[in-house]
Amino acid sequence: MDSFSRSTEKSFLSSLFRYNHIAKLTSLFLVAQLLPVCFTDRNADKKQILLELIADFQIDLQKNLESAVKTKGIIGAIEVCRTISPAKEAEVKTSFPGVSFRRISDKPRNTDHAPDAWEAEIFEQWKTTVKNGGAPYLVMNSNDKEVRVLQPIVLQNPTCLKCHGGPRDIDPAVAKKISELYPQDKAVGYKLGELRGAFSAIW
């Protein structure tokens, strides 16, 4: 092979190498650009599902409690409220194994419903917002590992005061039943319009 041919071949191979290198870099760049989009889309779907699960739980809880109050009275409704949350949480877990779903409060009736560190921080932010004349707001937090939703529960139904209000609101018989079922109860002393707790969901 003459020197011209060797030079031409060397130039061709060098160009081919540069092309392949550029092509690989371009592919890596495109993948890097698409990954955040995939995570964003996936998280958006998860957020929507979690919000729907919360809304569904609210509807079920309200219907069951209203029915229990009418048919069994306040004391009977306490038993319903006590069982419906674990049942709903188990139902969600069956349908969505990766989802953790529960009600929480900074003044829990059930000690299992105490907030974790992140949730407690959000409660403090909500309280500051309320002091400044605002209202508690929906919080959604997501990354490539998990999606978290925290939706505030504001006490709006006067009937709720019969279990969560002050001494004048809660009948002695009801207070006795609550203390029997929840010896460490803190979920009393509320007024209408106050922050009662939150629905917490993690996926």
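Select Arg103 together with Ser85: a polar contact of 2.7 Å joins their side chains, where such a contact is a pair of N or O atoms within 3.5 Å and, within protein, one must be able to donate a hydrogen and the other to accept it, with residues adjacent in sequence counting only if both atoms are side-chain atoms. The model is predicted, so that local features need pLDDT of at least 70 and side-chain atom pairs count only at pLDDT 80 or more, while totals for chains, interfaces and linings use all residues. Residues are numbered from 1 along each chain as its sequence is written, and side-chain values use heavy atoms, with hydrogens and water left out.

Arg103 is buried yet has no salt bridge, and Glu89, the nearest side chain of opposite charge, is 6.1 Å away. Buried here means under 20% relative accessible area, against over 50% for exposed and partly exposed in between, with a 1.4 Å probe and protein chains only; a salt bridge requires a side-chain nitrogen of Lys or Arg within 4 Å of a carboxyl oxygen of Asp or Glu. Lys and Arg count as positive and Asp and Glu as negative, whereas His and the chain ends are not counted.

Now show the contacts of Arg103 (heavy atoms within 4.5 Å): not counting residues up to four places away in sequence, Arg103 touches, among others, Phe57, Cys81, His113, Ile153 and Phe199.

Next, select residues 100-104, which form strand β1 and include Arg103; strands (E, at least two residues) and helices (H or I, at least four) are DSSP runs, numbered from the N terminus. Four of the five residues of β1 are buried. Within β4, Phe199 stands opposite Arg103.

Move on to Phe101, which is among the residues with the most contacts inside the largest nonpolar core, a set of 13 residues. Such a core consists of buried Ala, Val, Leu, Ile, Met, Phe, Trp, Tyr and Cys residues joined through side-chain atoms within 4.5 Å. Helix α1 (3-95), β3 (147-154) and β4 each supply at least two residues of this core, and α1 gives the most, with seven. Not counting residues up to four places away in sequence, Phe101 touches residues including Leu53, Ile54, Val92 and Ser200.

Finally, select Phe123, Val139, Leu150 and Ala198, which belong to a second, separate core of nine residues.

Methods. Pairing = 2+ DSSP bridges.
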